[in-house]
Amino acid sequence: MKKTSQLRNMILSKDLEFIMEAHNGLSARVVEEAGFKGIWGSGLSISAAMGVRDNNEASWTQVLEVLEFMSDVTNIPILLDGDTGYGNFNNMRRLVSKLEQRKVAGVCIEDKLFPKTNSFVGDAQPLADMDEFCGKIKAAKDTQLDDDFVVVARLEGFISGWGLKDVMTRAKAYHAAGADALLVHSKKSNPSDIDAFMKEWGGRLPIVIVPTKYYSTPTDHFRKLGISLVIWANHNLRSSIKAMRATSARIFADESLINVEGTIATVADIFHLQGADELESAEKRYLPTSGKSWNAIVLAASQGEKFGDLTRDIPKTLLKANGVPILASQIDIFNRMGITDVTVVRGFAKEAIAFPGIKTVDNEDHASTKELYSLFVACDSIKGNTVISYGDILFKDHVLHELINSDGDISIVVDADCEFTDSYTDFVQNDVPYARSAFDRAVALKKMSATLDRASVNGEFIGLWKVNQRGAAAVKAALGRLSQEEKFKSLRMADLFSDLARETRVSVIYTKGAWMDVDSIVDLTHASEMQ
Ligand code: SPV
Ligand code: MG
């Protein structure tokens, strides 16, 4: 329901309703969370929170800015304490327009002079000319575009020491001018002004009160009088002053936080009030999949016997291309993409793999097993939104970017330009061959094997792939199945993918180049050139 309609309903309802003071976005959120159906945008509190006096020292546009924050972060209506309307009827018109634009549901104006003085300061404050004030009310009502916008006329007669007769005369005039409700203010410590007014008024318009000074009057008394709306006008501001003073004094005296930590709101509570949860879910919806929620597994257990002396003491993942260990390049590329949760499966010469910030899992059987078993030991790190890579490949940022932004529960990167060499290669057969014209077609893996018939080969798996949550579950289930097989320890990644491709869709992302398999001295030289 529109905020204006909510406020109008409250004012018109038969029940006694309550609104609570707020003075900024944060306190507005607190009021809404407490369960209140509306907010009083108190002039006293808003000015005090700015550190200035309640004498229109803050300009009306500065007040408007505060209101905009309050309105943006809440779903309940705000009734603004509009003081005297910040000028004459013309200023009032502009105020109403600006309030409506900011979804502020209503405004209360008081029959005093600009610049106003708070009702509890001094005695016998001069009142506005009655007819001039009626003009302001009419101007406000004529300006509002939304029929439900609420204009409350506030009677300061009792505050200024006038009697019931004069207050009543003005009340009738403001009613006739089109006010939606009247706020009858009193600074007595008992409700006698209000009692007298209500007796005579007889329910012609809804009545609003601010029982700051007659706070000990039981609320039921107001109910019985037929009051429509009670404003608790400044109690959040006052409570915050007391709490802040106590905290500041304690920390100042202690030169420590130890005695306050348990007595104040947690930082998590601040995040909650700021709506951090909403941002988190919006990020999931709107941000290109950032690495934040991703993790990576690098399968880096093998020695790489082919490299002879180069890998006598270190695993091949630590071979340097252009002076940088392959694994370091991979970690770097993951970090650049925002993926900081990186698990490296170590095996041969595991002590040599020690990079800051990485997690490690060890494949103790590295000498007699292949990369699939390394993945199996890292099973707990297959969480969903996980990138998995062989530890002996280099790839360009855009390849990883395309992979993590791709749809598909399980996606693998396949180079359509594969070579047929003596080295072990994960050849793939897909349902759609690579073609320039089919660049945005969805492609699925049919089979992966090192021994595919050449004619059916559509490319080579580069050793880089990803899973989302569903994909992770499918992979874990497949690993579970395969691990029952006797020859499990000798199975390869190709066996996993062929198994998966039978059960579920394995999406293929074609690339041409932009990666390198550092599998021979020759490749290593090329890798240096690629960097
Ligand atoms: C305010 O909250 O600013 C009010 C109410 O106008 S009172 O302070 O009681 O005047
Ligand atoms: Mg005020």
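Charge comes first: the protein carries 61 positive and 72 negative side chains, and the centres of the two sets sit 6 Å apart. Here Lys and Arg count as positive and Asp and Glu as negative, with His and the chain ends not counted; each charge is placed at NZ of Lys, CZ of Arg, CG of Asp or CD of Glu. This is a predicted model, in which local features need pLDDT of at least 70 and side-chain atom pairs count only at pLDDT 80 or more, while totals for chains, interfaces and linings use all residues. Residues are numbered from 1 along each chain as its sequence is written, and side-chain values use heavy atoms, with hydrogens and water left out.

As for overall shape, the C-alpha trace spans about 105 × 60 × 45 Å along its principal axes. The radius of gyration is 36 Å, whereas a compact globule of 531 residues would come in near 24 Å (taken over C-alpha atoms; the globule rule is 2.2 Å times the number of residues to the power 0.38). The chain holds 18 helices and 21 strands (DSSP runs numbered from the N terminus: H or I of at least four residues for helices, E of at least two for strands). Buried residues account for 51% of the 531; buried means under 20% relative accessible area, exposed over 50%, and partly exposed in between, using a 1.4 Å probe and protein chains only.

On the inside, the largest nonpolar core has 66 residues, and Leu375, Val387, Ile412, Trp465, Met493, Leu496 and Phe497 have the most contacts within it. Such a core is a set of buried Ala, Val, Leu, Ile, Met, Phe, Trp, Tyr and Cys residues joined through side-chain atoms within 4.5 Å. Helix 17 (residues 493-503) gives this core its largest share, 6 residues. A second, separate core has 54 residues, among them Leu80, Val96, Leu182 and Phe197.

Val230, in strand 8 (residues 229-232), is buried, at 0% relative accessible area. Its C-alpha lies 4.8 Å from that of Phe18, although 212 residues separate them along the chain. Ser406 lies in the loop between helix 15 (397-404) and strand 16 (410-415), yet counts as buried because its relative accessibility is 17%. Beyond its neighbours within four places in sequence, Ser406 contacts Ser411, Lys466 and Ile509.

Methods. Chains lettered and ligands numbered in written order. Contact = heavy atoms within 4.5 Å.
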